[in-house]
Amino acid sequence: MQSDTPRQDLRCAMQNAVAGQNAAAAVKAARQLLAASSRPSDVLFCATAFSTMADALAKQLGARRLRTCIVRSVTLEPVLPSLAVEAALENYVLDIQVGGYGSYVDELLNPVSALGNFQPELILIVLDLEEIAGRLPDLCADGVGSEVEMEVEACVARIGQLLRGFRAHSSAQILFQGLVVPDCTSLGDVAEANLPHSLTAAIQSLNRKLAALCGTVSGCIFFDVDRLAARDGRARWRDERMFFASRLPVAAESFRAYSRGLVRSFSALFRAPRKVLCTDLDNTLWGGVLGEDGPNEIVTGSAFPGNCYLEYQKYLKQLSARGVLLAIVSKNNEADVREAFNVRAADLALSLDDFIARRINWNEKADSIREIARELSLGLDSFVFVDDSRVECEAVRQLLPEVAAVEAPAMQPWKLVEALSEGAFFDVTTVTGEDVRRAAEYRAQTQRAELASSAIGRDAFLASLGIVCSFQSALQAPLARSVQLLAKTNQFNLTSRRYSAAEVEEFASMAGGQAVAARVRDRFGDSGVVGLALARKQGDSCLIDSLLLSCRAIGRGIETALLAHVGEQALRSGAKRLVGEFIATNKNSPCADFYPNHGFIRISLPENASPVSKFYELDLTVSPPTSPKWIALEDH
Amino acid sequence: MGFEQVPSSLRELLADVFEISPDCIAPELSSKTLENWDSFRHLQAILAIEGEYSVRFDPQRIPELTSVSLLQAELEKMGVAL
């Protein structure tokens, strides 16, 4: 039996937090309690506590409330307390409704089923092998079965019908759970691994095809439960006794791992990934202290333990290949660091040029991170900071709570990569061309800034950039990029509405509606799709529901060109007025005066409008907005 | 109420499961007398007890163990020191 005193203290702390409705204290107590105790009853205790604090979590911590439907063919009720707790720890409050065992087809396809009427924002689809591909085990029994591939295709087609049928009447985000590769089969381990149509091979192929299918349905992700099961150990993932007795697909010991995996997966549908990784150097990027040991003695390279640091460097390099920006924040002499990167280039996987920003000085690290945020025009909530010093991490946590600080395990460098990959900071559902080009784009930005400081006058500078702007449907931007912009843009975002792909499609398809994406390039490079506008027609007015611009493109007049384009389209659809809406957030002050600056006049709130909105109006027949003269417009 | 007859560890565990005060966990409390004690809550109680005392119930017995005294007796039969 574990000692009970700290456990009782933490349970008391939790009860006090509930009594005082103190959300931050409750989350902290729950985290500590669950780290100290593996008792199922403590999870239930925390779940009960959180269930009485939904409002406090939402109000005090900004937890996202999600009406969540679970469509299933297995027993998931015992997992729900654990799911609610893991969700609360990740700042979600789930309002969960569970469907019937045998009614998932009706629930998915019938818009007026109980599920449809619940109007979920998130739907978790958890079907077992029997439901998705019940014939496969028999077809795979001899390992060479000729019908296996056809059966896999038929299963994928059937699930495709379900997902698309659901999408036709609901814009809820979808998480579709894949299959766990069965552990015990009649073929045995050797044939499972070697025969072309073993059940293992068939399920793996089915999972891959289901994942590809999910990629074709907007707002839908595939949840690879097999990856979790493999990590946790397939042999203990399912308790056969409880599976056969109660159709429970996951053993009680794995509830937390399973719940955490579910939350991490659906999070990627609701939360923007972080964009910048700031790493410390000494005992983080390499072993040892450069200032004391000298460049030849710092630990990095192919021999242990240098290879642990090399592995961390490679991991960072891979992150940067998909658009995560790397930065150095280190207390060192800059000349020493340059020398180290030169002298030890053969032992390092990264060069100084791989880092888009560097703060190598003796300033406070929080100040350095703040400077980099300003330099890159990114919010602090886009930053991850990795440092082996607990003191530095704690200082950053206190001074810049939006930044995610990761303590590098200096005494166990082989855990560096694990420490970073455990966090969901950089989780994405898709990688776009813009992501891949991002580092080059930021380098171009630095060059533009240099030009700006040398050019005479703003207009002359902007004209010298040779900006070319083209407009296209947000559906072709591609749509994934449009949704990504809606999800990630904070500073220049007039209403900050985070629409799903399905909702963007609605704007594009309604009469007089607009869903426009702005693509921009200049002589330093192609910025890709950086702006988006959504509008709908109401009478003889065109209402601009959303207008946003990636922070990298602010200050070049592109927002004006986009507004002018929306105005033109509105005139063409017969509108006489443009109506703009602005909703202030704590981040979008850069665009607070966007409409007044473009000649719009403040009007009173329309009926049924939320009081947080401000509305503005412009008479299109008198003074339509025009595009700046330094921007060349290109037909798409 | 007789809650003293139920060992405190079991009492606290069942209190967490059924979301009631430990003082209400009396031997005669059962799925018939407690509205909260439905089939899913029952499964949760079984899983929580298994985790707490590192035991595994015979799945054929699980549906029958629908009162505090039956659960307690089963645990004692399995040699658990409560």
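This note goes through the predicted model point by point, from the overall build of chain A to its backbone details.

1. Overall build. Chain A holds 28 helices and 19 strands. Along the principal axes, its C-alpha atoms fill a box of roughly 75 × 70 × 60 Å. The radius of gyration of chain A is 27 Å, which agrees with the value near 26 Å that a compact globule of 636 residues would have.

2. Domains. The assignment divides chain A into four stretches: domain 1 covers 1-62, domain 2 covers 63-270, domain 3 covers 276-421 and domain 4 covers 433-634. Between the C-alpha centres of domain 1 and domain 4 of chain A the distance is 44 Å.

3. Contact between the chains. On the side of chain A, 12 residues are in contact with chain B, and 15 residues of chain B take part in return. Two elements of chain A, α3 and α15 (240-246), each give two or more residues to this side. The most comes from α3(A), with 5 residues. Sorted by class, the side of chain A that touches chain B has 6 nonpolar, 3 polar and 3 charged residues.

4. Helix α3 of chain A (residues 40-51) packs against helix α1 of chain B (residues 8-18) at an angle of about 40°, and their axes are 8 Å apart. Because of that angle, α3(A) is oblique to α1(B). The crossing of these two helices, α3(A) and α1(B), is left-handed. From α3(A), the residues S41(A), L44(A) and F45(A) meet L13(B), D16(B) and V17(B) of α1(B). The contact of α3(A) with α1(B) counts 4 nonpolar residues, 1 polar and 1 charged.

5. A helix pair within chain A. Helix α10 (residues 148-167) and helix α12 (residues 199-216), both of chain A, cross at roughly 30°, and their axes come within 10 Å. The class boundary for roughly parallel is under 35 degrees, and α10(A) and α12(A) are therefore roughly parallel to each other. The crossing of α10(A) and α12(A) is right-handed. On the α10(A) side the contact is made by V148(A), V152(A), C155(A), V156(A), I159(A), G160(A) and L163(A). The α12(A) side supplies A202(A), S205(A), L206(A), K209(A), L210(A) and L213(A). By class, the contact of α10(A) with α12(A) has 10 nonpolar, 2 polar and 1 charged residues.

6. Cis peptide bonds. Most peptide bonds are trans. The bond that joins F304(A) and P305(A) is cis, with omega about 0°. P305(A) is placed in the loop between α17 (290-293) and α18 (306-321) of chain A. Another cis peptide bond joins A477(A) and P478(A), with omega about 5°. The loop that holds P478(A) runs between β11 (467-473) and α25 (479-488) of chain A.

7. A positive phi. Most residues other than glycine have a negative phi. R247(A), a residue other than glycine, has a positive phi near 60°. R247(A) is in the loop between α15 and α16 (255-270) of chain A. Helix α15 of chain A is also one of the elements that give two or more residues to the side touching chain B.

Key: Residues numbered from 1 in each chain as written. Chains lettered and ligands numbered in written order. Predicted model: local features only at pLDDT ≥ 70, side-chain atom pairs only at ≥ 80, totals over all residues. Axes fitted to C-alpha atoms, helices over the stretch in contact; angles between N-to-C directions. Helix = DSSP H or I, 4+ residues; strand = E, 2+ residues; numbered from the N terminus. Parallel < 35°, antiparallel > 145°, perpendicular 65-115°, else oblique. Left-handed = near helix turned anticlockwise from the far one by under 90°. Contact = placed C-beta atoms within 7 Å. Nonpolar A, V, L, I, M, F, W, Y, C, P; charged D, E, K, R; others polar. Domains from an automatic or database assignment. Rg over C-alpha atoms; globule rule 2.2 N^0.38 Å.
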